[in-house]
Amino acid sequence: MNLLEGVEKAGVIGCGGAGFPTHIKWKARAESFIINAVECEPLLSTDKYLMRHRAEDLISVCCSVAEMLQAKETVVAIKGSYREEIAALEKAIKTACANIKVHRLQSFYPAGDEQVIVYEVTGKRVPCGGIPLDVGVVVSNVATMIAAFDAREGKPLIEKYITVTGAVRRPSIIKAPIGTAVSECIEAACGASIDDYLVVIGGPMMGRELSCESEDRRRVTKTTSGILVLPKGGFMEGYKSAFDLPLIQKKARAACIQCSYCSMLCPRHLLGHPLKPHLIMRTIAFTEDLEELFADNEVVQNASLCSLCGVCTAYACPMGLQPSKVNSFLKDEMTKRGFRRGTKETAVPQADREWRKIPAERISHRIGVADYQGQVSEQIVELRPEEAVIQLKQGPGRLPEPVVAVGDVVEAGSLIASIPDGAMGSNLHASIKGTVTEISDVIRIRRLK
C-alpha cells in the first residue's frame, strides 16, 4: 500500500480547517509543497507542541509527501518567533539530510491563511476564487502531516491533540479519542476556573461558540484543534453571539460610516481580491429582499472570497459592527443557491500591504484573550473516555456508510464506516475498544469494562 492509499484508508482529513479529505488534496502534482506551521490563531498551541515533540516524524512524512507530489521545493512556513519549534525542526532536517527549507514569517494575523502563506513563501498569487493548486502549490498543516505519518505506520486517525486553555485551572494539550465529550476535555484541564463562561471550539477568531449546556453533547471531531473556556460579558461574548440579520441591518443603517477600515485591513483585499466589506455592509443595510440582494450584485457575490478571519469585525470596525458575520451569512446563502464565481481573476496585491499587516499580539489584546496566552502546560494529558460518540459527518463530501451493527464489539482502530470507492469523504474508525450501542447520524461506542 502506498502513502496515498494509506492516508485514504486511515481517514485522514485536514485537521485544522474545513476537513477536506487529504487523499484527494494530495492526488496532484505540485511545484511547491508548503507545511503550514504558523498556527496563527491566538491561544492555540497544538501544532507547536507537535513540532517540539514529533519533529522527526513530521520531517520524515514531509519528505514522503513531497516525493509523491513531485514537488521541486518543500518549505515549512513558520513564525520567526517560534524559536524552540524552529530549532527542533532544523535539527530533524539536519538528521534526516532532508531537502526542506524553513521559511520564517513575521508574527501577523492571519499569517496562517493558505493564500497568504502561498504569497509570503513563493510570491505567487492565488487567483480570486481559486486554490493554491491553481499556482502549483499544495499546503497542509502540521496536525494533518502527523496524522499522515501515523497512517503510513498503519494507524488510522482516531485521536486528536487539542489545546484546552483560557479560564481553566490547568491549560493543557489533551490527547483525546475522537468522539470524546468536550466537557471531559475541560475536566482534564482541571475544570473551568470561573462559573459563568462560554466555550469556543477552535481559535478565538474563527472558532464557534458552544453553550455550557452543550458541553456533554458536543464531541471531539477530526477537525477539533482547540477548546477555549472564556468569560462571558466581554468582547468575545458579543463577537460569538448568534447572527441576527434584521438587527445587523438596523445597526448598519444607523452606524456604518463607510470609513472603509474593514476593507483596508482585510487580508484578502490586501492580496488584491475584489472583496470590499464596507460596500457589502452598505448594500445589505438598504436591501430588504434577499433575492434582490443576490441578483447580479457583484459586490455581494464577492463575499464568497472572504476567509472569515474576523479582522473586519474584531479589529477594524470603529463602530462595533460585524462584517465577517454578514459575509458568513452571504456565503451560506450563496451555497444554498448553488452560486459559484465563474472566473478566477489574477490578484494584484495592494501596494501598501506590508504596512497594513496586523501584529498578532494586538489581535490578542483587542479581543481580550492576551492574559491566557502562553499558559499551556508542557505535559500532555491523555484521556480514556467511557464512551465515544463519533459523528458520521466529519468534513465535506459524502457521509461514510456504517459497516458495523448495534451490539458489535469493535477494537480501537477498527473500521466502522467507509466511503465508497471514488466518492469524496473519509473513512471512520472506532476510537476506543467497546460495544456499538447506537447507529444514526453518529456511531456510539461504549467502552468494555
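Biologist: What is the order of the 3 strands that form an open sheet, and is the pairing parallel or antiparallel?

Modeller: The order is 14-16-17, and the pairing is antiparallel. Keep in mind that this is a predicted model.

Biologist: What makes strand 14 and strand 17 the edge strands?

Modeller: Each of them pairs on one side only. Strand 14 covers 401-402 and strand 17 covers 428-429.

Biologist: How do you know that strand 16 pairs with strand 17?

Modeller: Pairing takes at least two bridges, and 2 bridges join strand 16, residues 415-418, to strand 17. Leu 415, for one, stands opposite His 429 in strand 17. Strand 14 and strand 16 also pair over 2 bridges, in the antiparallel sense; there, Pro 402 has Ala 417 in strand 16 as its bridge partner.

Biologist: On to the rings. Why is the pair of Trp 26 and Phe 33 called edge-to-face?

Modeller: The structure holds 4 aromatic pairs. In the pair of Trp 26 and Phe 33, the planes stand at 90° and the centres are 6.5 Å apart, so the pair is edge-to-face. The cut-off for that label is an angle over 60 degrees. Both Trp 26 and Phe 33 are buried.

Biologist: What makes the pair of Phe 235 and Tyr 239 stacked?

Modeller: Stacked calls for planes under 30 degrees apart, and here the angle is 20°, with 5.4 Å centre to centre. Both residues lie in helix 9, 4 residues apart, about one turn of the helix.

Biologist: How do you know that the charged end of Arg 366 sits over the ring of Tyr 315?

Modeller: The distance limit is 6 Å from the ring centre, and the charged end of Arg 366 is 4.3 Å from the centre of the Tyr 315 ring. Likewise, Lys 357 lies over the face of Phe 108, at 4.5 Å from the ring centre.

Biologist: Which element gives the most to the lining of the second largest pocket?

Modeller: Helix 18 does, with 3 residues. The pocket holds about 520 Å³ of space, and Lys 48 and Tyr 82 are among the lining residues closest to its centre.

Biologist: What makes helix 3 mostly covered?

Modeller: Of its 8 residues, 6 are buried, including Lys 48 and Tyr 49.

Technical notes:
Residues numbered from 1 in each chain as written. Predicted model: local features only at pLDDT ≥ 70, side-chain atom pairs only at ≥ 80, totals over all residues. Heavy atoms only, no water. 1 Å grid on protein atoms, 1.4 Å probe; cavity = no way out; pocket = protein on both sides within 12 Å on 5 of 7 lines; lining within 4 Å. Points joined across faces, edges and corners; volume = space filled by probe spheres on them. Buried < 20%, exposed > 50% of the residue type's maximum accessible area, 1.4 Å probe, protein only. Phe/Tyr/Trp six-rings, centres within 6.5 Å; stacked < 30°, edge-to-face > 60°. Lys NZ or Arg CZ within 6 Å of the ring centre and 35° of its normal.
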